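Subject: Structure for you to look at

Hello,

Here is the structure I promised to pass on. Please open it and keep it on screen while you read my notes below.

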Amino acid sequence: MEMDLLIHNVRVWDDKPLMDIGIKNGKIVAIEEGIKASATDAIDAEGRAVIPGLVEPHMHLEKAFLHRRLPPVLGTLEEAIRVTGILKSKQERKDVLDRSRQVLDMAVKNGTVALRAHPDVDLIQGLIGVETVLELRDEYKDLMDIQIVAFPQEGIIKSPGTIDLMEKSMNMGADVVGGCPYNELTWEDTKRHIDIVFEMAQKYDAPIDLHADFSDDASDQRFASTAYVAQKTIDTGYQGRVSLGHVTSLGSLDPDELKPVIELLRKADISIVTLPATDLYLGGRNDAKNRRRGLTPVRALNEAGVNVAYSSNNIRNAFTPFGKADMLVIGNMLAHAISFGTPAHQAAVLDMGTINAARSIGIGDNYGLAVGKQADLVILDTYQVADALLDIPARSWVIKRGKITVVTQHKSTIHRHGCCGAHDHGAKDHVCETASAK
């Protein structure tokens, strides 16, 4: 068989020899040692590690790079909502496109092959977020797959007219029905918000992605909706089609309170997407002692078999004043925050940014590093798969549907002057290779 692309000498598994990967018609057709075949294009990975393409399941493009437009002073969630609301009212199409492209270009260079965007759909900025991502979805179609969520940031019940905007978004081509149930005035309205989202999703046969329970605690019922969402998912037969972002209030529950909620999440096959850059930054702001980390209980969820993924969420705005759309950076941050440092834990975090993230946005069946899967791969400038989160290496090659989309080359030279210093570290019989000038 003639291949479209043949990757030689690549580290697929750390405990096995180097492999070759054969790709044809956008699919992986072989992973073997020493493939003998002709190919239109070839890469010699020289022992570098390969992973499935990274997936960003939760990103706000139209709110990126607003950090210097109206700089926050306090850094709180309440201030972020207020500042962002002011800036949203001034959104202009070209500016939104330019800032969104900055994020997408970062993500592409960093090995992201699929992204779920959550543009706000509300009476403040209208449909500009959806309209711009629709344009960008086509513009970037050869570089990454983009899904669009119709996201009612300002609520549904307390913001009359939002339902119509969500309907328009779905008819324009949005893929996912979003929700923000805690942004309502009462628990009854929160439940109705969730019900409306499910009704709309069923109407369009679309998946659901909610911002849910974004709080330090669950004392306000509006921030304790996870169990209601999970039961609704089971009752409507929507298992495997619902994702929840943030869900930080679960981290405040006692183990006995948490256990039945996690069991419901597992039965409902709901994906939890933790957003560590934002949640660590905003969480626990009112704690004077033993400040909470503000994350959903990733360890307990993962151990119970709930599908846990992570994502960048925001890039450089009042909610998250950092970020460069790099899933390995976020994964490293998450591993530190949840004390996932053993080899098995680090491997689990890498899965959360690849396999689990793909599953959370519904592309798991055609995704992965296996024969028959879509050839969306990243070859890292490191030589062990297990070092991906340690090194946060350059993405030497990014491959989307079997085509090379990014090539990165980094060169760094240490200029040693005089003795290299090895003698000072106890090296025996060392001969300094740097000759001194005569």
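**Asn-110 and its surroundings**

Leaving out residues up to four places away in sequence, Asn-110 touches Leu-54, Lys-324, Ala-325, Asp-326 and Arg-395. Please keep in mind that this is a predicted model.

Where does Asn-110 sit? Look in the loop between α2 (93–109) and β7 (112–117). Two of its neighbours deserve a second look. The side chain of Asn-110 reaches the backbone oxygen of Lys-324 at 3.1 Å. The side chain of Asn-110 also reaches the backbone oxygen of Ala-325, at 3.3 Å.

Is Asn-110 buried or exposed? Asn-110 counts as buried because its relative accessibility is 14%, and the cut-off for buried is under 20%.

**The largest pocket**

Next, the empty space. Rolling a probe the size of a water molecule over the atoms shows where such space is left.

The largest pocket has a volume of about 570 Å³. It is lined by 32 residues. Which of them are closest to its centre? They are Leu-77, Glu-78, Ile-81, Phe-214 and Ser-215. Two elements give two or more residues each to this lining: α1 (77–88) and α8 (276–282).

What kinds of residue line the largest pocket? The lining has 14 polar residues, nine nonpolar and nine charged.

**The cavities**

How many cavities of 30 Å³ or more are there? The count comes to two.

The largest cavity has a volume of about 50 Å³. Its lining is made up of Lys-63, Ile-81, Thr-84, Gly-85, Lys-88, Gln-153, Glu-154 and Phe-319. By class, that gives three charged residues, three polar and two nonpolar.

The second largest cavity holds about 40 Å³ of space. Around it you will find Leu-66, His-67, Leu-70, Pro-71, Pro-72, Val-83, Thr-84, Leu-87, Asn-317 and Ala-318. Here the lining has seven nonpolar residues, three polar and no charged.

**Where to start**

Begin with Asn-110 in its loop.

Best wishes

How values were computed. Residues are numbered from 1 along each chain as its sequence is written. This is a predicted model: local features need pLDDT of at least 70, side-chain atom pairs count only at pLDDT 80 or more; totals for chains, interfaces and linings use all residues. Side-chain values use heavy atoms; hydrogens and water are left out. On a 1 Å grid over the protein atoms alone, a cavity is a set of points where a 1.4 Å probe fits but cannot get out, and a pocket is an open set with protein on both sides within 12 Å along at least five of seven lines; lining residues have an atom within 4 Å of a point. Grid points are joined across faces, edges and corners, and a volume is the space filled by probe spheres set on the points. Helices (H or I, at least four residues) and strands (E, at least two) are DSSP runs, numbered from the N terminus. Ala, Val, Leu, Ile, Met, Phe, Trp, Tyr, Cys and Pro count as nonpolar, Asp, Glu, Lys and Arg as charged, and the others, Gly among them, as polar. Buried means under 20% relative accessible area, exposed over 50%, partly exposed in between (1.4 Å probe, protein chains only). A polar contact is a pair of N or O atoms within 3.5 Å; within protein, one must be able to donate a hydrogen and the other to accept it, and residues adjacent in sequence count only if both atoms are side-chain atoms. Contact means heavy atoms within 4.5 Å.
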